[in-house]
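Reader: I have a structure to look through with you. Can we take it piece by piece?

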Amino acid sequence: MLRNLFQFVFVVTGFLASLSLAADGPQRDYDLLLKNFRLVDVESGQVRDGQLLLIEGNRIAAILPAAQQAEVAAKEVVDLGGNYLIPGLWDMHVHFEGRDLIEDNALLFPVYLAYGITAVRDAASDLAPEVLNWRTEVAERKRLGPRIFTAGQKFEGIDSIWKGDLEVGDRASMLAGMDKLEKMNVDFIKITENTMDPQLFIDTVAEANHRGHLVSTHVPYGVSIGELADAGLSSIEHASYVLRLGNADEAAIAKAVRAGELSKEVAAERYRAGFDQRQAIEGYRMLAQKGVAVTPTLIGGRQLAYLAETDHSDDAFQRYLTQRFMSKYQWRIDRMAGEGDKEREARKARYQLIASQLPLLADAGVVLLAGSDSAALNTYVYPAEALHTELVLFQEAGLSPLQALQAATVNGARFMGQWRDYGSIAEGKRADLVVLTRNPLEDIRATQDIDSVISGGTLYRRPKLDSMLEQAAQARAKLDSSREAAGR
Ligand SMILES: [Zn+2]
C-alpha cells in the first residue's frame, strides 16, 4: 500500500515536472543555442562534449545534455562544428596610456574582443578619466570592447618619471589620494616605486587593504616582500621582483636601503650575485600562505632581451597601431642602444631565470595572473596579441597548458572577486566565451586559433571578427594620414 502510494506520488510528480518543462520548455525562447562543441572545463581540465549551451541576454541560462535539444527553443541555433569552447580571456595587466594617444588606444577595443579578450585590468595610466569613461561605455554597451577593471591613477612619490600619477610625499596626501580614487570608483589600487618613500609605500598598501581594496604593486628596494605581504598586498606585478626572495638577506638589504646605508645599485648587485633557488622557493611558499598573487608579465622583458636579433618591421599587428603609438617604443630602444654582447647575454640569462620561476611559484601554491603589460611605452608588447604570446611563454617556462589557461580565466576572475559571474563556463555566469578550432589543453597556442567570440551574450563569428579587425586597421590608417596632412 505504502509502496503504491510512493509510486503514485512519483508518477504524479513526474507528470507535473513534464508539464512544467512543456510550459517553459519549447515556449521559452532562449536568445542563442550553441551545439556541437567541446566544453573546456578550466577548473578540472576536462573536456566534455554532448552538451547544449543556452544563452539568454548576457548570461549562460542553461547547459543541457544534447539529447534535450527537442525540449528547448532558441531564436538562433549555432552549430560550432565540434570546436572548443573556453571562457573569455582576461588580460590582467594592460595600460591605456598617452595623453596624445586617446583615439589610438580607443580603436584597439574591438581588436581585444576579436582576440578573444573579454576583460582587461588596466594597471593605471595618464588617461584615467578616459579609461573610466570607457569602462562605463563598455558596461552600457555603447562601446564595443572588453570589460575594463582599472586602477585609475597609480600612487607614486614626488617627481617620479611617470606621467599622470598620483604623487604623494606624506601620509596626509596619501589619504587624500585614496579618497580621490574611491570617488573615481576604481577597481583596485596600484603603487609603483620610482620615488616613493619606502615607509609611505608600506603605509599605502596597508591603508588600501584596510579600506577593503585590492592592491597591486611593484617592490621598492627599501621594502621587503614580506613586509608588503604583511601589510595586505594582493599581487606583485612583474615576476622579476620575486627573484629577491632568493636572497636570505632580503629583509636586511631592504632595511639598509631604507636607512640610507645601501644604494639601490648596490642592493641590485647583491640580489643578482646572491640568488639561491631553495631560498626563493621558501619565499614563494610565504607568498602563497599570505595570499599574494603574482602577475609575471614575461613578454616585456623577453622582447627587450631579444630585441637586437628580432626584426619587428613586418609584425602584422602594426596595422592597428598608429605611427604615433609606435613612436613611443623608441625610448626603451634608445635606452638599450649602448649595450654590448655581454649586457645582451646577461639580459637573456635574467629573462630565462625569471621565466624558470613560474612552475616553482605555481608548485608553491602562488596564484599566477596572466598579464601582458601591453602599453605604448612597452616596446613591441602589442595590445591584445601580447596576452597570447604571454601564455605561450608560460607554457615554454614549464607551466601546463591548463595552468596557463587558468591564469587567463579562473585566476583573474577569482582575484578580482568576480568568480560568481566570470572565469568559467557555468549556468548563471556571464556569456563571455571563445570558440577555438584546436584544444588549448594540448597546446596553449590554440588560443590564437579563434573561430568565434561571445561577449555579453553577443556572438561574433569569424567573418564578423575579421571585419572588426579591418575597421580598426582603417581607423588606424585614417588617424595616421590625418596627422600626416596636419604635419603632426
Ligand atoms: Zn605595467
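Author: Start at the end of a helix: H4 is followed by Arg141, whose phi is positive, near 60 degrees. Helices (H or I, at least four residues) and strands (E, at least two) are DSSP runs, numbered from the N terminus. This is a predicted model, where local features need pLDDT of at least 70 and side-chain atom pairs count only at pLDDT 80 or more, while totals for chains, interfaces and linings use all residues. Residues are numbered from 1 along each chain as its sequence is written, and side-chain values use heavy atoms, with hydrogens and water left out.

Reader: What kind of residue is Arg141, given that phi value?

Author: Arg141 is a residue other than glycine with a positive phi. Arg141 sits in the loop between H4 and E8.

Reader: Which residues of H4 are buried?

Author: Ala128, Glu130, Val131, Leu132, Trp134, Arg135 and Val138. Their cover includes H2, helix H3 (109-114), strand E7 (117-122) and strand E8 (147-150).

Reader: Why does Arg135 count as buried?

Author: Arg135 has 16% relative accessibility, so it counts as buried. Leaving aside neighbours within four places in sequence, Arg135 is in contact (heavy atoms within 4.5 Å) with Ile148, Thr150, Met184, Asn185, Val186 and Asp187.

Reader: New topic. Which protein atoms are donors of the zinc ion?

Author: His93 (NE2), His95 (NE2) and Asp373 (OD), lying 2.0 to 2.3 Å from the zinc ion. His95 is in the loop between strand E6 (89-94) and helix H2 (102-106) and Asp373 is in the loop between helix H14 (341-363) and helix H15 (385-396), so this pair ties together parts that are 278 residues apart in sequence. Donors are N, O and S atoms within 2.8 Å of the metal (3.2 Å for Na, K and Ca); water is not among the atoms, so sites may look incomplete.

Reader: What spacing do the donors follow along the chain?

Author: The spacing is H-x1-H-x277-D. His95 and Asp373 are both buried.

Reader: What does His238 touch?

Author: Not counting residues up to four places away in sequence, His238 touches His93, His218, Thr295, Pro296, Thr297 and Asp373. Two of those names, His93 and Asp373, are also among the zinc donors. The side chains of His238 and Thr297 are joined by a polar contact of 2.6 Å. A polar contact is a pair of N or O atoms within 3.5 Å; within protein, one must be able to donate a hydrogen and the other to accept it, and residues adjacent in sequence count only if both atoms are side-chain atoms.

Reader: And where is His238?

Author: His238 is in the loop between strand E13 (235-237) and helix H8 (250-258). At 12% relative accessibility, His238 counts as buried.

Reader: Now the rings. How many aromatic pairs are there?

Author: The count is 14 aromatic pairs. Rings of Phe, Tyr and Trp (its six-membered ring) pair if their centres lie within 6.5 Å; planes under 30 degrees apart count as stacked, over 60 as edge-to-face and the rest as tilted. Tyr221 and Tyr271 form a stacked pair, 6.4 Å centre to centre with 20 degrees between the planes.

Reader: Which residues form the aromatic cluster?

Author: Tyr115, Phe317, Tyr320, Phe325, Tyr329, Tyr380 and Tyr382 form one cluster. Tyr380 also has a positive phi, near 60 degrees, and lies in the loop between H14 and H15.

Terms used
Buried < 20%, exposed > 50% of the residue type's maximum accessible area, 1.4 Å probe, protein only.
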